[in-house]
Protein chains: 2
Amino acid sequence: MRVLGVDPGSVVCGWGLVEGQPGGPRYVAAGTIRTAAIKRGPSRLKKIHEELVRIIDEFTPATLALERHFIAANVQSAFRLGEARAMALLAAAERSLELFEYPPNAVKLAVAGHGHADKEQIKYMVRRALGLDAGEALATDAADALAIALCHCGRTRGAHFTESIERNRADSGSIAR
Amino acid sequence: MRVLGVDPGSVVCGWGLVEGQPGGPRYVAAGTIRTAAIKRGPSRLKKIHEELVRIIDEFTPATLALERHFIAANVQSAFRLGEARAMALLAAAERSLELFEYPPNAVKLAVAGHGHADKEQIKYMVRRALGLDAGEALATDAADALAIALCHCGRTRGAHFTESIERNRADSGSIAR
């Protein structure tokens, strides 16, 4: 199951894809969508939307994972973040992806072991979890997006485990009958 | 010049089209996009986006006008409003519409003569300005969207006037040569 993590921002939008598999998640691809060169806000949103749809079509993830924020520096930054996030929500709906949202400290906890890890710690732990060698460039926003995808894989690992137990139990039940 | 006013909301999104013309703006169409029956937020956004693009394609406005908010009840409502607004911004960018934003009290001032008019007053003044007869149904959110479009027409009337003066002056200049 392939998961696309997205860390939206109107100037830099990070994205990262991992493949959830029994031996632990595998790195697929990651990058950033940069819109600083585009003057107008609506054209920036259009670029973010277009790129996210292109990434979904190229890598065919089944799930999109996002952070769900509860605070913002101020109302204007909440509006801007809402607008950028909306491009990811729209792309997920247009391509029928399952959507999951996690609080930022849950993502940090899942990846770095505590809820207050800084960006460098997150990047280090993401690299380690996915076995990326030091030569491979990884932008901070791309690392954040991979962290969100990894958080989702961590959460669903438990669910899969439960599901597989129940499936086995049902199987043995049918044998017994 | 046709103007599409949009009053975005995640549950009800109002829209209204007016044609700016020398004798005063003319009513073209108005309505609401209602998404209450759709459970998931991303699917609501998709519906708003799809409908706005359909309206633009059907009525071919040159301009999209929106309110620019500076306050919100709280951060969560700012996120939700930002997400709904983003669908209008994206549709404008995708169809290469000019975009104009006005503070809510500028819209009220333009339509009702003072910046603190309530929704019923706005609706009454919109009906009067566009000569809509009492039999024609007009949802409150559609009236708000028409008010935004009317505000834009009021703003640009001055600009058109200046432009026409300058054009005449240039014409007479060419005659004199």
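**Ground rules.** I am reading a predicted model, in which local features need pLDDT of at least 70, side-chain atom pairs count only at pLDDT 80 or more, and totals for chains, interfaces and linings use all residues. Residues are numbered from 1 along each chain as its sequence is written, while chains are lettered from A and ligands numbered from 1 in the order in which they are written.

I counted 5 C-beta neighbours inside 10 Å for A:Gly23, so A:Gly23 counts as exposed. The cut-offs, with C-beta atoms placed from the backbone, are 20 or more other C-beta atoms within 10 Å for buried, 12 or fewer for exposed, and partly exposed in between. From A:Gly23 to A:Gly113 I noted 90 residues in sequence and 20 Å in space, C-alpha to C-alpha.

**The sheet.** In chain B I traced an open sheet of five strands with mixed pairing, in the order E3-E2-E1-E4-E5. Strands E3 (26-34) and E5 (98-102) of chain B are at the edges with a single partner strand each, so one side of each lacks a neighbour in the sheet. I then followed strand E1 (residues 2-7) of chain B, which pairs with strand E4 (residues 63-67) of chain B in the parallel sense over four bridges. Pairing here asks for at least two bridges found by DSSP. B:Val6 has B:Leu66 as its bridge partner in E4(B).

**The core.** I found 103 residues in the largest nonpolar core, and B:Leu146, B:Ala149 and B:Leu150 are among those with the most contacts inside it. Such a core is a set of buried Ala, Val, Leu, Ile, Met, Phe, Trp, Tyr and Cys residues joined through C-beta atoms within 7 Å. Not counting residues up to four places away in sequence, B:Ala149 touches residues including B:Val3, B:Gly16 and B:Ala65; contact means C-beta atoms, placed from the backbone, within 7 Å.

**Between the chains.** I saw that the contact takes 24 residues from chain B and 24 residues from chain A. On the side of chain B that touches chain A, H1 and helix H2 (75-94) of chain B are the elements giving two or more residues, and H2(B) gives the most, with 15 residues.

Methods
Two residues are in contact if their C-beta atoms, placed from the backbone, lie within 7 Å.
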